Structures are given as C-alpha cells and as structure tokens.
Amino acid sequence: MGEPEASDLLEQHRIALTGYCYRMLGSPFEAEDAVQETLVRAWRSLDRFDESRAPMRSWLYAIATNVCLDLLRGARRRARAIDLGPSAQAGPDLGEPLPHSAFVEPVPDARVLPAGGDPAELAARRDTIRLAFVAALQRLPPRQRAVLILRDVLCCRADEVARLLDTSVASVTSALQRARSKLRAASVSPDEPHPPLDQAQRRLLARYCDAFERYDVEAMAALLHEDVVMSMPPFRWWLRGRAEIRRTLLAAGHPCAGARLVPTAANGSPAFAQYLPGPDGRLERFALVTLTLSGGLITEVTTHLDADRLFPLFGLPGVLETVS
C-alpha cells in the first residue's frame, strides 16, 4: 500500500475517532489533538497492522483509547455549570471565570457525526453528543467511560472491547453494568432518543431569535419552561427558573441590543452564533448559544462566551457586515 492510499485509509476514520475522543474528553480541541496523535501513531505502526487479528476500526479505537487515557490521567473532570454548585440569584455579579478545562465544551455536529447514512442511527448518535450526556460521561472513571462508549454508543461486541482494552469479557461486562447504573442515577441514558426538530420547534426557535434580537424580555420569557436553566461558561454562575431568568434579563438593561443570531449546529442541538454591534458598527462575534427544547418550550440555554476559540472551530466569521 502506497503512502497516499494509507493516508486516505486512515483519514476515512477521522470523524468517527473525533466523536469517540470527544465523548471521552469533553473538549473538541482536546479531541482533535487526540485524533491527530492517534493517526500519527497508526501511521508509524501501519506496517505491523494485521487485519486478520482485528479490523482497522478496532485497532484505531485501541490506539485512541490509550491516547485519551493518557490525557485523562490526573486531569480535572469537565462538567456543566449546574454540576459545580447551587444556582445563583438575579444580579450582575457572575464571579470569576474558571479555566476552559473546567467545562464540557460544545462541538460542531459536522466534526463528530457522519454525513448521510441511516436517519435512525444518526438520530441515536446525535443524542450521544448532547452536552448533558457528554457531561454525564465525565462522571465515569476513564476505563468505564471507554467501555460504555464502545459498547452502548459504537455498538462494539463485548469480546471486541475486551481485546481492544486488553482485558476479559467478564471485566468489560462488569464495567458496563457499573457505568450504566451511574448514568441512570444521573437521569441520563443513551437509550432516550430525541426526535429531529419538527415544524413546531422550528417556529419556536424562530420566535426566540426574533424576541432575542429585539431584546423583548417578556416575549423571550414566554418561550421558556418554568424550570428552565441558564448558564454562561466559563462562569460558575447559573440560574434556574423562568421567573429568576426574567428578573435577571430585565435588570440587565439592554446589553444585547442590536444583536443578531446566526443558526449553526452543536452537540446535536439547536445552536446560534451571537453577534453584537462593535464600535465601528459591524457585528462582532460574542458567544455561541446552545438550546435544549422539550414539550414545546426551551428547557436550557447555555451561552458559551469563549467566542475567540469556538467561532473558528465552527467555521463562523468573526465579523458580520451590517445590512444597510
């Protein structure tokens, strides 16, 4: 096999590997680094690859698992703001920002989900990159995490996972049972599919965008669930409840006046790039907003403020020209 053919063969697995590493690590940036290291190691060892012993997919997942376990050794567990402490009350003080490594970070759908394919399978894969599920995965010890992802998300056989992790089938089965139990205790499971957006939800998102861009607090609040959660990483600060969020938005004045929301896709959920007017009149990147919908209302709003890092990852422009 020539170098171009070998390179193309390895590259075919990039999206699947990125999805695996993202679920393991909770960061798209770390996941891309892990995949690159995986492909480099695979390239160097390609002459020793024996397809009669294991398919290339399993071989690459074995390498990726070792890379991720190395990265996770001694690392701080990533989480969502709601996992870091009690909810706050309406007020201007957000506290001190935490490092990026404290939070599960959003990922573009296109980086971790294959294009096309069976719609039912794609919907199932989409559910396993949602922020809540990825954050729940971070609660598991790394090897349990790998077992659950390989068995329940990627549908690998128990004996395949045992060979991949250099352990026994009994050990894999035991780790999987413990991991499933912990996810059930966290009220998160990969077996709870979310259907694709329907027309009513698309109208809900359109109404939210319109209300947000006009900064109509009452109109926005009417679209929120009574127990909605709002957070703004990298701050620990978060709010629970429509009434509390309404009070906060009203007290803030009009910080987002003139904003524009541009649709994108993150973690299998609706997302928007938020732009705010800059001093020269152009709209400048400000935040990536991810939304969770349920029962015809918005149940979670996460405003990721790390626009300088996230917008290039999502292929979003830094500046939008205003429409004259």
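Are Y20 and Y61 buried or exposed? Y20 is buried, and so is Y61. The legends below describe close-up views of a predicted model.

View 1. A search of the whole structure finds 4 aromatic pairs. One of them is formed by Y20 and Y61, with 5.2 Å from centre to centre and 65 degrees between the planes, so the pair counts as edge-to-face, the term for planes over 60 degrees apart.

**View 2. Helix α2 is largely enclosed by the rest of the structure.** This helix runs over residues 14-25 and has 12 residues. At 1.5 Å a residue, α2 should span 16 Å, and its end C-alpha atoms are 16 Å apart, which agrees. Of the 12 residues, 9 are buried, so the rest of the structure largely encloses the helix. The buried residues are L17, T18, G19, Y20, C21, Y22, R23, M24 and L25. What covers them includes α3 (28-45), α4 (56-72), α5 (109-112), α6 (119-127), α7 (131-137) and α8 (142-153). After α2 comes G26, with a positive phi near 75 degrees.

**View 3. The largest nonpolar core has 54 residues.** Y20, C21, Y22, M24, L150 and L154 touch the most other members of this core. The elements giving two or more residues to the core are α2, α3, α4, α7, α8, α9 (158-165) and α10 (169-185). Among these, α4 gives the most, with 11 residues. A second, separate core has 29 residues, including A211, L224, V228 and V301.

**View 4. M24 touches residues from other parts of the chain.** Not counting residues up to four places away in sequence, M24 touches C68, L69, L72, Q138, P142, R145, A146 and I149.

**View 5. N267 is a buried loop residue.** The loop that holds N267 lies between β3 (260-266) and β4 (269-277). The relative accessible area of N267 is 1%, so N267 is buried, the limit being under 20%. The side chain of N267 makes a polar contact of 2.8 Å with the side chain of Y22. Leaving aside residues up to four places away in sequence, N267 touches Y22, P106, V107, D109, R126, I129, R130 and L131.

View 6. Over residues 9-78 the chain is 71% helix and 0% strand, with end C-alpha atoms 32 Å apart.

View 7. Most residues other than glycine have a negative phi, and most peptide bonds are trans. D166 is not a glycine, yet has a positive phi of about 55 degrees. D166 lies in the loop between α9 and α10, and counts as exposed at 72% relative accessibility. Y215 is not a glycine either, and has a positive phi of about 50 degrees. Y215 is in the loop between α11 (199-214) and α12 (217-221), and counts as buried at 7% relative accessibility. The peptide bond from P233 to P234 is cis, with omega near 20 degrees. P234 lies in the loop between β1 (224-231) and β2 (238-240).

How values were computed
Residues are numbered from 1 along each chain as its sequence is written. This is a predicted model: local features need pLDDT of at least 70, side-chain atom pairs count only at pLDDT 80 or more; totals for chains, interfaces and linings use all residues. Side-chain values use heavy atoms; hydrogens and water are left out. Helices (H or I, at least four residues) and strands (E, at least two) are DSSP runs, numbered from the N terminus. Buried means under 20% relative accessible area, exposed over 50%, partly exposed in between (1.4 Å probe, protein chains only). A polar contact is a pair of N or O atoms within 3.5 Å; within protein, one must be able to donate a hydrogen and the other to accept it, and residues adjacent in sequence count only if both atoms are side-chain atoms. Contact means heavy atoms within 4.5 Å. The expected span of a helix is 1.5 Å times one less than its number of residues. A nonpolar core is a set of buried Ala, Val, Leu, Ile, Met, Phe, Trp, Tyr and Cys residues joined through side-chain atoms within 4.5 Å. Rings of Phe, Tyr and Trp (its six-membered ring) pair if their centres lie within 6.5 Å; planes under 30 degrees apart count as stacked, over 60 as edge-to-face and the rest as tilted.
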